[in-house]
Amino acid sequence: MINIFDLSGKVALVTGGARSIGLALGIGLGQAGATVCFNCTSERSLEEGLKAYETAGVKAHGYVCNVTEEAAVQGMVARIRAEVGVIDILVNNAGINKRIPMTEMEVEDFTQVIHVDLIAPFIVSKAVIPGMLEKGHGKIINICSMMSEVGRGTLAAYSSAKGGIKMLTRNICSEFGGANIQCNGIGPGYIATDLTAPLREPQPDGALHPFDQFIRERTPAGRWGDPKDLMGPVIFLASEASDYVNGHVLYVDGGILAYLGK
Ligand code: GCO
């Protein structure tokens with residue numbers, strides 16, 4: 001039986017792929033046959049990431065690289081090309097969030113979120129696309145967010161960045177679709193990770209965090225997502241199964257964006 005989801009022979013780069021959602025995405029791509037490369041920001045994360053991939057039975061290559069610095073990114077992409085091969089699949093996953101009421105947010109905080117969550121995906125895509133053009137194909141998957149569509153208090157920077165990466169996705173689609181490069185997004189809903197842990201902290205009396213309760217009620221699935229819920233979507237968008245899907249953001253959110261509430 002042909003397997004249109006098979007990624008054997010492909011080289012994938014997952015930014016921020018040492019932990020959390022990035023690690024789940026990398027494991028998914030590796031288990032579908034890709035050779036996985038990832039970057040992180042410290043030697044400690046590198047070791048932890050390599051161990052996690054090994055535990056999952058996935059051979060991975062790790063690189064310490066600050067994806068907001070173009071020269072460092074160009075150097076990492078060149079190292080990957082020399083050590084592993086030309087990148088076929090790029091997952092722009094690395095991201096941060098700063099939940100600060102807008103009138104209290106320093107410009108530096110806003111700028112830092114934009115830099116990591118929007119400018120870095122531009123920098124890494126710009127570094128990887130030439131190799132994809134050489135090979136005549138490529139898959140770029142940008143990790144967007146529900147906040148690419150809706151806002152929430154304290155998320156001025158994050159929602160601005162995630163709205164921007166949705167449009168960067170559509171622009172890469174527009175500019176390179178003719179060269180057989182597909183660029184799509186994955187928009188996670190509320191996923192149980194360390195990034196959202198503060199929103200799930202149980203109350204002193206043991207009751208659910210109000211936001212935890214809110215998400216459980218507002219999500220038709222009635223639960224938070226698990227990073228594993230993102231594996232199938234990333235394999236689909238990285239494989240030939242999605243060769244005619246371009247400029248699309250696939251929301252993996254348990255239905256929350258479709259639901260007005262009772
Ligand atoms: C928040 C959360 C969200 C999620 C996710 C939703 O503070 O509301 O951090 O932004 O992280 O991005 O798609």
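User: How many nonpolar, polar and charged residues are in the lining of the largest pocket?

Analyst: This is a predicted model, in which local features need pLDDT of at least 70 and side-chain atom pairs pLDDT 80 or more, while totals for chains, interfaces and linings use all residues. Residues are numbered from 1 along each chain as its sequence is written, and side-chain values use heavy atoms, without hydrogens and water. With Ala, Val, Leu, Ile, Met, Phe, Trp, Tyr, Cys and Pro counted as nonpolar, Asp, Glu, Lys and Arg as charged, and the others, Gly among them, as polar, the lining has 19 nonpolar, 16 polar and 5 charged residues.

User: Which element gives the most residues to the lining of the largest pocket?

Analyst: Helices (H or I, at least four residues) and strands (E, at least two) are DSSP runs, numbered from the N terminus. With 3 residues, the greatest contribution to this lining comes from H1.

User: Is Lys139 buried or exposed?

Analyst: Lys139 lies in strand S5, residues 138-143. Buried means under 20% relative accessible area, exposed over 50%, partly exposed in between (1.4 Å probe, protein chains only). Because its relative accessibility is 6%, Lys139 is classed as buried.

User: What separates the C-alpha atoms of Ile80 and Ile141?

Analyst: Ile80 belongs to helix H3, residues 70-83. Along the chain, Ile80 and Ile141 are 61 residues apart, and the separation of their C-alpha atoms is 18 Å.
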